[in-house]
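Look at the structure first, then read on.

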Amino acid sequence: MNEEINIMGGGISGLACAIILRKNGYSVNVYEKKNYVGTRFNDDWQGIENWSEKIDVLKQIESYGIDLSFDYEPISELTIHYSGKIKTIKVKNGCYLVRRGGSKGCLDTCLLEQAEELGVNIHFASVPEKEVPIKVNATGPKNATAFVKGIKFKTNCESGYHMAFGSEIATGFYSYLLVKNGHGTIATVFNRKLAHCSDEFLQTTVEYFSGFLDKRELASGKKFGGYGHFEIKKHLYDDNGAMLIGEAGGFQDYFWGFGMRYAIQSANFAARSITRSESYNDLIKKHLIKKMEHSERNRFIFETLGPLAYPCAYYSLAVSKNPLKLLNMVYR
């Protein structure tokens, strides 16, 4: 196989697609305008959801030919909070924590290493010439649907995973505290319309979780911000005919904001359309669009319920004998 494939964007979707194509014998170039991978992130812990499908997400990633060489941690217990009420629920492998950024062990870095070992040509700080035919567009989000603001810090606090609902924390979304092996991430996720309130939301989140952390440790932490883009597109190709994958294609969970699984899945579907001559449109519509429509519906219901949404979410998870199954039903 001598065909050369050019991919624009060196995020996790672009690198995943490159790995799959290279393992199928294609020559692959990846053009990344930044100087390295993972520059949007700060080595902070993020979650790959494991509830929207019955197959375990790590097994799914492995089935694409991608090695699990990155650091990950399964979450089997999650402490949920609402209006002073606290409940720890069992969610065996309901989510996997991974680190995002450019350091050793991060998902971004490990995908880069795999791609380079396979012989993928990575062009950093580079934009392809106009005459270079781009087959896959993985350039990331062009605008924001939701924002996140948080602090990454070192801590002596006990490991734990917390999620808090409530308009007093982050209107329309949620806040979280993740502590693992001396490393902590505290953050709040909110609607783009409320970007001007980001400092206020973060401070409120810090105060809310003050009983579970030492605020003095936060003083030496590193603040970070980020954003995600959700969009159910009518056209899954850019103006030049390249397949849109990852957040360039709007592939994101609009309800909770988990997008890594979607990113890697869309990368696999783009690779399949090349290696097997399958329709990219058909693959996306069959496997991703329905889940995205469910997440959009869930977000609409959540926001329509207004103040009732938070207690509904809390009590539904708190009283369920199988919260993971409940979440799976919501997405299916």
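Start with Glu 62, which lies in helix α2 (residues 57-63). This is a predicted model. Is Glu 62 buried or exposed, or does it fall in between? Its relative accessibility is 46%, so Glu 62 counts as partly exposed.

**A negative patch**

Together with Asp 67, Glu 113, Glu 116 and Glu 117, Glu 62 forms a negative surface patch. Which helix gives the most to this patch? The answer is helix α3 (residues 107-118), with three residues. Membership has a cut-off: patch residues need over 30% relative accessible area and must have no salt bridge. Glu 62 has a relative accessibility of 46%, so this residue is over the area limit.

**Salt bridges**

Now turn to charges with partners. Side chains of opposite charge can pair when their charged atoms come close. How many salt bridges does the count come to? The count comes to 13 salt bridges.

| Salt bridge | Closest N and O atoms |
|---|---|
| Glu 77 and Lys 90 | 2.3 Å apart |
| Arg 100 and Asp 108 | 2.8 Å apart |
| Lys 215 and Glu 207 | 3.2 Å apart |

Take the pair of Glu 77 and Lys 90, with closest N and O atoms 2.3 Å apart. This pair links distant parts of the chain. Glu 77 sits in strand β4 (residues 72-82), and Lys 90 sits in strand β5 (residues 85-100). The two residues are 13 residues apart. Glu 77 has a relative accessible area of 38%, so Glu 77 is partly exposed. Lys 90 has 57% relative accessibility, so Lys 90 counts as exposed.

Next come Arg 100 and Asp 108, which form a salt bridge. Are they buried or exposed? Buried means under 20% relative accessible area. Arg 100 has 6%, so Arg 100 is buried. Asp 108 has 2%, so Asp 108 is buried too.

Lys 215 and Glu 207 also form a salt bridge. Lys 215 is partly exposed, with a relative accessible area of 38%. Glu 207 is partly exposed as well, at 39% relative accessibility. Elsewhere, salt bridges share partners: they join Arg 272, Arg 276 and Glu 278 into one network.

Technical notes. Residues are numbered from 1 along each chain as its sequence is written. This is a predicted model: local features need pLDDT of at least 70, side-chain atom pairs count only at pLDDT 80 or more; totals for chains, interfaces and linings use all residues. Side-chain values use heavy atoms; hydrogens and water are left out. Patches are made of residues with over 30% relative accessible area and no salt bridge: like charges are joined within 9 Å, nonpolar side chains (Val, Leu, Ile, Met, Phe, Trp, Tyr) within 5 Å. Accessible areas come from the Shrake-Rupley method with a 1.4 Å probe; for residues, only the protein chains shown count as cover. A salt bridge is a side-chain nitrogen of Lys or Arg within 4 Å of a carboxyl oxygen of Asp or Glu. Lys and Arg count as positive and Asp and Glu as negative; His and the chain ends are not counted. The place of a charge is taken as NZ of Lys, CZ of Arg, CG of Asp or CD of Glu. Helices (H or I, at least four residues) and strands (E, at least two) are DSSP runs, numbered from the N terminus. Buried means under 20% relative accessible area, exposed over 50%, partly exposed in between (1.4 Å probe, protein chains only).
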